[in-house]
Amino acid sequence: MGQLDGKTVVVTGGGHGIGRAYSERFGREGARVVVAELDEAAARDVADNIERAGGEALAAPTDVASWSSAQAMAERAVERFGGIDGLVNNAAIFSTIPIARVGFEQIDEGEWDRVMEVNVKGVWLCCRAVVPAMRRRGGGSIVNIASATVFNGTPIRVNAIAPGNTLSEENPSLEILRMREAAVAARSLKRVQRPDDIVGSVLFMLSDAAAFITGQTLLVDGGTALH
Ligand SMILES: NC(=O)c1ccc[n+]([C@@H]2O[C@H](COP(=O)([O-])OP(=O)(O)OC[C@H]3O[C@@H](n4cnc5c(N)ncnc54)[C@H](O)[C@@H]3O)[C@@H](O)[C@H]2O)c1
């Protein structure tokens with residue numbers, strides 16, 4: 001018995017590197033593996049390996065940054081295996097281009113755009129492509145591959161303020177007003193949140209009073225989320 005017996009799992013970027021290891025292991029665990037990979041030869045090689053080892057696999061040449069390509073991949077997976085149960089969003093270009101090795105102020109704008117297209121938009125497009133098939137199955141599991149790098153410190157102070165549902169409109173319609181007021185029910189501090197409620201936290205982060213605080217996210221939401 002494998003841990004993924006009978007499940008169809010899509011691995012984006014499954015033809016090389018860590019993605020290849022996911023694909024081949026899932027194949028040994030009984031999954032029908034869809035190797036959704038830009039490099040067609042690599043996708044075929046991995047799929048052949050899985051089948052030679054007694055598993056089932058589909059080589060699906062895919063550009064995750066293209067909606068028509070992601071959609072075609074999902075359609076082929078459903079056609080071949082009858083549905084989709086899992087998606088691993090692993091495809092990325094970060095490690096193969098200079099962006100990873102220069103300071104942020106030297107990043108080329110075109111490279112930034114391409115990373116956003118593949119690493120960020122690609123995740124959304126693949127989710128959008130497979131979720132209808134997962135819903136038809138009654139559920140599914142999506143795993144996005146992130147990076148430990150995002151938790152590393154940087155040499156300048158960078159913090160985030162996360163405001164709650166705020167009455168920011170100058171002339172709110174009745175509908176907007178009702179939507180803002182409805183958020184009060186989920187809040188510990190029972191009133192509508194206004195722009196002035198957020199200003200103090202930004203002021204604090206800019207000031208020397210916050211000189212030793214970096215890499216933090218401060219929720220300013222009247223206690224909607226407590227942690
Ligand atoms: N290697 C590391 O040190 C490391 C560390 C943390 C996180 N990660 C993450 O793990 C994942 C795999 O990393 P890796 O080192 O194996 O990367 P890799 O560069 O070796 O493999 C990425 C794969 O994605 C494919 N790919 C690239 N663009 C694509 C596209 N548009 N459509 C479909 N496939 C595409 C590539 O052909 C390749 O097969 C990535 O998400 C990466 O960010 C890697």
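Q: What separation do the centres of domain 1 and domain 2 have, taken over C-alpha atoms?
A: The two centres are 37 Å apart. Domain 1 covers residues 8-151 and domain 2 covers 160-220, with the bounds coming from an automatic or database domain assignment. This is a predicted model, in which local features need pLDDT of at least 70 and side-chain atom pairs count only at pLDDT 80 or more, while totals for chains, interfaces and linings use all residues. Residues are numbered from 1 along each chain as its sequence is written, and side-chain values use heavy atoms, leaving out hydrogens and water.

Q: How do the radius of gyration of the protein and that of a compact globule of 227 residues compare?
A: The globule would have a value near 17 Å, but the protein has 23 Å. The radius is taken over C-alpha atoms, and the globule rule is 2.2 Å times the number of residues to the power 0.38. Along its principal axes, the C-alpha trace spans about 65 × 45 × 35 Å.

Q: How many helices and strands are in the protein?
A: There are six helices and seven strands. A helix is a DSSP run of H or I with at least four residues, a strand is a run of E with at least two, and both are numbered from the N terminus. From that end, the order is β-α-β-α-β-α-β-α-β-β-α-α-β.

Q: Why is A41 called exposed?
A: Exposed means over 50% relative accessible area, buried means under 20%, and partly exposed lies in between, with a 1.4 Å probe and protein chains only. A41 has 56%, and therefore counts as exposed. This residue is in helix α2, residues 40-52.

Q: Why does G27 count as buried?
A: The relative accessibility of G27 is 11%, so this residue falls under the 20% limit. G27 is found in helix α1, residues 17-28. In the protein as a whole, buried residues make up 33% of the 227 residues.

Q: Which residues does G27 touch, not counting residues up to four places away in sequence?
A: G27 touches V33, I50 and G55, where contact means heavy atoms within 4.5 Å.

Q: What share of the contacts between residues at least 6 apart in sequence joins residues at least 24 apart?
A: The share is 65% in this protein.

Q: How far apart in space are A41 and S147, C-alpha to C-alpha?
A: They are 27 Å apart in space and 106 residues apart in sequence.
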